[in-house]
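Hello,

Here is the structure I promised to pass on. Please open it first, then read my notes below.

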Amino acid sequence: MDLKEIRIRIEEFWFSFKHVRIGLVGLGLLLFLVAMAIYPWIALPKQTFYHWYDYPGWNLNPRLAPPAWVNLFTSKKYTPKEVLHPVKVEPMYVYMAHELHYSNPEALKSYFHGYVYVFKYYYHWDIPTKDIVVVIKGVNKSLDISIDIVRPPEPGVPNSSEYLENAIHGTYTPSPNGVVMVFFSGLNERQELLDKLKWKLIQEYDNVSLSMITTTTVNPITVLFSRAGHGMSFGETGPLKGVYTFIVKIQNKLPKPPKVELVITGSCYGVLGTDNYGRDIFVGILWGTHIALLMGVSYAAAVTLIGLIYGTVSGYFGGRVDAVMQRIVEILYSIPGFAFVILLVYMFRVLYGTVNIWIIILVYIIFGWPYMSMVVRSMAMQIKAQPYIEAARAVGASNARIAFLHVMPQIVPYAFAMMVMTIPSAVMIEAALNVLGLGNPYTPSWGRLLASAIDSGIITAWWWFIPPGLMIAITGITFIFLGNALETVLNPRLRSS
Amino acid sequence: MGLATYVINRVWNAVIVILVAVFVCSLVFNALMQINASIRINQAVQTTIQRLAAQGFQSMVSYIQYNAYAMRKWHIAINISGKTYSCAAIFTNPKLMKSLEAKGVDLEGVAKDCIEKFVRLQQMYQWGLNQPYIVRVFLYTWRTLTFNLGPPLYTYEQYGEVNSVFQLLLIAMARSVVLFTVAYAISMAIAIYLGLRMARNAGGPLDRAVSVVGMVSNSMPLYWVAMIMILVFSAELGIFPSRAYETPPQTVAQSPLALFEWWSWHLALPIITIVMLSIGPAAYVVRNMVVNVMREDFVVVARAKGLPERDVMYKHVLRAASPPIATNILLGILNTFFGAMISERVFQWPGMGFLYWLAISNGDIVVLMGLNYMFILLFVTLKLGLDILYCFLDPRIRVSRAG
C-alpha cells in the first residue's frame, strides 16, 4: 500500500464521514477536548499539576469562592482578587518624623529602623473579600511587622475615619525561599483585628453585647468593610465603600526595602471559582482533561487489542480451543467487574498507601475485554466461512497466517468503532471509584474534583461540582457520537451478525 | 427435553461462575485480612505485656502458671544460652527457676518473651491465622457461600442493630431494591409508551429527540445529576428533603398512610432522578425492538384485518417484542447499576451503595467481602434468570439454542 493509496482511502473515508451529522459534532467536541488537554502544558505552571494538593499559590486564592462572572448576574457584587502595590515606600524615620511633626528626620535615623509601605484600596463591592494577605519577598530573617488600617470617612458618623493603629502586629519568620506572608484570617491575626474593631467600632456603634463578639461568631474582615451602625458585627449594615488605607510597618534593620504586596484575595475567583482549599477549579479541569483522555484511550486500546486477538483465535480455530476460551470469557463476563475492581483497588491502597489511576485502569482492563472478544469471535466465525479463506488454505497458508493476516484485518475497522465507544467508560469508572473514596487525592482528575465536592458536603458550591461532571458527560457524548458515526461509515455489513 | 438441558447447562455455568468469583474474592480478602489481623495482633500483644509488666514480675509468673496447660500444649519454649526450655516448665518448677536465677538469667525478660509468644499464638488462633494461607482461602470461600461471615468489624448506625454481616446486607439490599425497583418500574412504563410512539413514526422529531437524549443521559453520571437535583429542588427551592433517609417521627410512624406519605416525599427526588436518566436509553431499546417486529408479516395481517391501531400496537406488536425488550432493558440496567448505586451516597439513602462507601472508609473488609458476594450473586442470578426467561418466552430461540 503506497502513500497515494492511503491518501485516496482517507479521502474516501472523509467523503462518507462528512455526511454523518453526529460524527461531525463528535469531531468538533474531540478537537475541543484535545485543545483543552494540550493547553495547560503550554500555559500553566507545571507545579499546579504535580503539587495539585499543596501548591503554595493556592494560599493567595479565596476559599470556596464562586466564579468571577457571577457579578454579571447578581445585584450584590463579589470582590474580585486584586494584588496591590504600595503607593508610597519610605524609611521608618521619615514616616515617624512626619507623624511626630518633627522637622529634621535625619536626627531620628538612629532611633527608628525599617520601612513603611502605604497601600490604598478602593473598595466598591458588596460582599467583602475572604482574606487579605501581606506578602513580603526576599527576606532572610524574622520580621517585626505591624499593620495600621484606616477606614474611609463615613458621612453622618462622628469619628468616622477610624484609625486602627497596630491592628495586626507580630514577629514572622520567612519560609525557606525568603517569603513572609501575613494572613488576616490567621488565628492570631483574626483575634487581634477583632479586638481592635471591638474597642474602636463595635463598642461604640453596635448595640450587641460584647461577650458575643468572638472569632467563631464574627468575621473581622466583614466588620472592617461594613458601615458603622447597629448590626455591623454581622455585616447587616451594608458595605462601607471608599478608599481604605493599609500601612504596613517593618521594624527591622534592613539594607534595602524588600518587595511588599498586599493581596486582596477577593470573594470570587477566575473562570470557575475555587474549592475549599483555594484551589482553582478551572486549572483542575484543564489538567484533568489530559488525564481523562489518556485513561480512556489507553483503556480502550488495551481492551480492543486483547479482545481482537483473543476473539480471532477463539473464533478462527474453533473446536476444543474455542470451548475452553469461551468458558473463560463467559466467567469473566458474568462477574460484575466493578465488585472486583473495588476489592483489588482497595487492596492496592492497603498495600501501597495511595492508589495510582493506572492501577485502576489496569484492573478494569481485566474485566473489560470479554465483551469485545465475544463480538470479535462471532465475526471471525462468519469470515472463516468465506471462500477466500478456503482458497488461502488451499494454497497452503498456515493457520496463524490466515487468522492474523486474512481474518483479523477484516474485523479491525469495526473493532475500532467499538474502541471509540469504550473510551468514556474508563473515565466513568475512575470517577465512580473516587466517589467511593478509592481515588488518588493528589491527582486533579475530574473524578477527584467531583468526589472532593461530594466529600465536602457543601451542596451549594455549584461551581465546584458541576464542571467536572459536565466534562465527564461531554467526553461520553463525544466518543459515543464518534463511535456511532464510525460504525455507520465503516463496514455496516458486519453489524447485523 | 431441549429446554431442560439448556436450563441445566446455564444453571451449572452460573454455579461455576459464582464459585470462581467467590474464590478469587477470598484470595484477595485473606491477604487483606492478614494485614489487618497482624496489626491488631501486635496491638493485643503490646497491651497484654504492658499491663502485666506494670503489675510486676509476680503477676507475669502467675499469668504463665495460669496458662501453663495451653503453653505446654502449644510447645511454647524459649532458648536460654543454647538450651531450650519449655516456658511452662520454668515457671511452674521453683527449683529450675532458682537455678536459672543463680546462673544470672534475666527471668523477667524470659517471662516477657514467653508471654509474647503465647499471646501472639493465641491471637493467631483467634483470627484463624494458624492455618496456611490456601486453607484459609478455601475455608473463607465456604463461609462466604454459606452466608456465615460473622459480625462486621465496625458498627453502622444507619442500619440499626445488627449482629451479623449477613443481616446488615439484607437490610441494605432491601432498601436498595425498594428504591431502584420503584424507579425502574416507573421508567419502564413510560419508556414503553414513548418507545411505541417513537416506533410508529420512526425518524420523526420525537424519535430523533429521544434517541439523542438516550445517548446523552447514558454518559451523565447519575450521582452528578443527583447533586444538581438536590441543589435545585432541595437547597434552592426547598420542595424535597435533601436526605432521603430520615427516621419518621412518632406521630407519622403510627399510621400507615402517613408513613407512606413520608417515604414517598423523601424518596421522590431519588426516584425522579433515576427515572429521568433511565428513560432515554430504555425508550430507545423499546423503539428498536418494536420497529423490528413491525416489519413482520403478522402485523401487516393484523392491520389488514382492520384491527384498530391501538390493538395492533399493544396486543400484537408489544407482545411479540416483549422478550427482547425485557432482556435488553434489564441488561442495560445491570450494566449501569454500579453508577446508579453510588448515587445513594449523594442522596444519603443507606442501601448497598452507601454501605460500600461506609465499608471502604471504615476499612471494614468483612462487609466489603459480603457486599461483593451479594453483588456477584445478584448479577449472576439475574443474568441467568433473564437468559432462561428469554428462552422461555421466545420459542424460536428455544429451538435454536437447545438444538
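One salt bridge is counted between chain A and chain B. The term stands for a side-chain nitrogen of Lys or Arg within 4 Å of a carboxyl oxygen of Asp or Glu. B:Arg345 pairs with A:Asp455, and the closest N and O atoms are 2.7 Å apart.

This is a predicted model: local features need pLDDT of at least 70, side-chain atom pairs count only at pLDDT 80 or more, and totals for chains, interfaces and linings use all residues. Residues are numbered from 1 along each chain as its sequence is written, chains are lettered from A and ligands numbered from 1 in the order written, and side-chain values use heavy atoms, without hydrogens and water.

Now the interface. Chain A gives 44 residues to the contact and chain B gives 41 (contact means heavy atoms within 4.5 Å). The two chains bury about 4,100 Å² between them, 80% of it on carbon and sulfur atoms. Buried area is the accessible area (1.4 Å probe) that two parts lose on being put together, summed over both. A:Phe338, A:Leu343 and A:Leu436 supply 16% of the area that chain A buries against chain B, more than any other three residues.

Last, a helix in chain B. Helices are DSSP runs of H or I, at least four residues, numbered from the N terminus. H1(B) covers residues 2-55. Just after H1(B), B:Gly56 has a positive phi of about 110°.

Best wishes

Terms used. Axes fitted to C-alpha atoms, helices over the stretch in contact; angles between N-to-C directions. Helix = DSSP H or I, 4+ residues; strand = E, 2+ residues; numbered from the N terminus.
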